[in-house]
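Here is a short briefing for a first look at this protein. Start with the view below, then read the points by topic.

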Amino acid sequence: MANPASTREQLYDAVQGTLELKSKAAAKRTVDAVFEAMAKQVAENGTDTDYTLTIPALGTFSVEDIPAGTSRNPRTGEATPRPARTKIKLKLAKALRDIGK
């Protein structure tokens with residue numbers, strides 16, 4: 001069975017075809033600029049747990065604080081402390097969630 005995952009290169013090809021760009025390099029710059037802008041927005045607001053970045057066709061990115069706790073090594077059962085951290089969550093748009101139905 002073939003790997004169903006797409007690579008970034010395939011995304012560049014799709015953007016190049018959709019936008020009718022003359023070069024793959026232009027598609028690469030476009031895709032990378034979008035990802036960079038999204039990452040910058042989330043990074044600048046990453047400490048605000050009320051922050052969300054919504055892209056209607058994709059979904060909503062949000063920031064969640066994870067409290068400190070204890071983890072266990074599954075091999076030895078040894079408890080180790082886990083520091084508090086912040087994580088980014090993505091809730092997929094309904095259209096994407098419904099694709100698999």
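K94 counts as exposed, because its relative accessibility is 52%, and exposed means over 50%. This is a predicted model. K94 pairs with D98 in a salt bridge, with 2.7 Å from N to O. The protein has 3 helices and 5 strands.

**Overall build**
- Along the sequence, the elements follow the pattern α-α-β-β-β-β-β-α.
- The C-alpha trace spans about 55 × 40 × 30 Å along the principal axes of the protein.
- The radius of gyration is 19 Å, whereas a compact globule of 101 residues would have one near 13 Å.
- Contacts between residues at least 6 apart in sequence include 29% that join residues at least 24 apart.

**Surface and burial**
- Buried residues account for 17% of the 101 residues.
- The accessible surface of the protein is about 8,000 Å². Carbon and sulfur atoms hold 56% of that surface.
- A nonpolar patch on the surface is formed by L90, L92, L96 and I99. Together these residues have about 340 Å² of accessible area.
- L90, one of the patch residues, sits in strand β5, which covers residues 85–92.
- L90 counts as partly exposed because its relative accessibility is 41%.

- The structure holds 6 salt bridges.
- One of them joins D32 and R8, whose closest N and O atoms are 3.0 Å apart. This pair links distant parts of the chain, 24 residues apart. D32 is in helix α2 (residues 24–44), and R8 is in helix α1 (residues 8–19).
- R8 has 43% relative accessibility, so R8 counts as partly exposed.
- D13 and K24 also meet through their side chains in a salt bridge, at 3.3 Å from N to O. This pair, too, links distant parts of the chain: D13 lies in helix α1 and K24 in helix α2, 11 residues apart.
- D13 is partly exposed because its relative accessibility is 39%. K24 is partly exposed as well, because its value is 31%.

- What is the exposure of D98, the salt-bridge partner of K94? D98 is partly exposed, because its relative accessible area is 28%.
- Elsewhere, salt bridges with shared partners join R8, K28 and D32 into one network.

Key. Residues are numbered from 1 along each chain as its sequence is written. This is a predicted model: local features need pLDDT of at least 70, side-chain atom pairs count only at pLDDT 80 or more; totals for chains, interfaces and linings use all residues. Side-chain values use heavy atoms; hydrogens and water are left out. Patches are made of residues with over 30% relative accessible area and no salt bridge: like charges are joined within 9 Å, nonpolar side chains (Val, Leu, Ile, Met, Phe, Trp, Tyr) within 5 Å. Accessible areas come from the Shrake-Rupley method with a 1.4 Å probe; for residues, only the protein chains shown count as cover. A salt bridge is a side-chain nitrogen of Lys or Arg within 4 Å of a carboxyl oxygen of Asp or Glu. Helices (H or I, at least four residues) and strands (E, at least two) are DSSP runs, numbered from the N terminus. Buried means under 20% relative accessible area, exposed over 50%, partly exposed in between (1.4 Å probe, protein chains only). The radius of gyration is taken over C-alpha atoms; the globule rule is 2.2 Å times the number of residues to the power 0.38. Contact means heavy atoms within 4.5 Å.
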